[in-house]
Amino acid sequence: MSTPIKIDIWSDIACPWCYIGKRHFEAGVAALGDDAPEIEVEYHSFELAPDTPVDFQGSEIDFLAKHKGMPAERVQQMLQHVTGVAANAGLDYDFDALQHTKTLKAHELLHFAKSEGRQLELAERLFRAYFTEGRHVGRVDDLVALAADAGLDADAAREALESGRFAAAVQADIAQAGAYGINGVPFFVIDGKYGVSGAQPAEVFGQVLTQVAGERDGAVA
Amino acid sequence: MTAADAASAVAATDGSSGAPAEASVSPFTMVTGAPGAMVCEGDVCFVPGAGADAE
């Protein structure tokens with residue numbers, strides 16, 4: 001039995017193109033059907049905006065227009081664009097409901113979930129909560145509820161967040177990204193060898209997976 | 001993007017020669033992929049090498 005192809009993904013819950021890229025990657029794998037190689041996916045932390053307050057008061061437009069000084073009309077256009085692309089990927093983004101926040105604790109929770117074998121379930125739950133449900137993903141109480149939704153023990157999740165025992169793991173991921181020259185997300189590392197930057201189309205992910213599987217077969221033959 | 005386009009887009013570039021700017025020190029062989037694929041840095045999302053977009 002061959003070793004699964006490892007997929008390491010650097011992303012942030014607050015990154016709209018990371019959720020879209022996730023869907024594109026999943027579609028790329030699904031499109032391979034029975035030919036899809038066995039894969040193992042691991043999410044790594046990347047904090048896009050460390051200076052974001054946990055309890056930012058205002059909408060996403062407020063944040064980008066007022067906090068970051070971008071023209072409101074331009075922000076509206078950009079959010080409409082990403083909402084449209086998300087819809088094509090089957091995602092119902094709701095920027096009016098979105099609660100902008102700091103994602104550091106969400107990353108700690110993702111590391112806790114990894115230790116419990118439920119990281120993929122939590123990643124999907126957090127992305128959905130943030131971009132489509134307008135849920136807050138920066139506060140401990142909210143994160144504990146989302147952890148429970150993902151099948152994690154609520155008390156254990158709370159302990160993990162309140163103790164901060166996964167904070168070092170988050171920083172290690174961020175440092176690793178820096179060492180790899182990863183400045184933007186999503187960033188996919190396929191089999192520790194190929195780098196894929198951005199929310200690439202599903203076909204690209206399928207193609208690179210096929211290529212890696214073929215290389216492995218060639219190495220075995 | 002068609003499957004054929006994607007196939008040609010997967011032509012990989014070595015991270016040390018001609019890869020996108022963000023991968024200039026990447027130890028990975030960069031898959032060039034689609035030129036319009038968006039990435040996010042800080043509060044801004046954009047097509048590498050093109051104009052800025054936002055979240």
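Predicted model: local features only at pLDDT ≥ 70, side-chain atom pairs only at ≥ 80, totals over all residues.
Residues are numbered from 1 along each chain as its sequence is written, while chains are lettered from A and ligands numbered from 1 in the order in which they are written.

Helices (H or I, at least four residues) and strands (E, at least two) are DSSP runs, numbered from the N terminus. Axes are lines fitted to C-alpha atoms, for helices over the stretch in contact, and angles run from 0 to 180 degrees between N-to-C directions.

| Helix pair | Angle | Axes |
|---|---|---|
| α4(A), residues 104–115, and α5(A), residues 119–131 | about 155 degrees | 8 Å apart |
| α2(A), residues 60–67, and α3(A), residues 72–88 | roughly 140 degrees | within 9 Å |

The angle makes α2(A) oblique to α3(A), whereas α4(A) and α5(A) are therefore roughly antiparallel to each other. Residues touching across α4(A) and α5(A) include A:Leu109 and A:Leu110 of α4(A) and A:Leu122 and A:Leu126 of α5(A) (contact means C-beta atoms, placed from the backbone, within 7 Å). In the other pair, A:Glu60, A:Ile61, A:Leu64 and A:Ala65 of α2(A) meet A:Ala72, A:Val75, A:Gln76 and A:Leu79 of α3(A).

How confident is the predictor? For the complex, the ipTM is 0.86 and the pTM is 0.89. In chain B, the mean pLDDT (confidence in each residue, from 0 to 100) is 62, and 42% of residues reach 70 or more.

Conventions
Parallel < 35°, antiparallel > 145°, perpendicular 65-115°, else oblique. Contact = placed C-beta atoms within 7 Å. pLDDT = per-residue confidence, 0-100.
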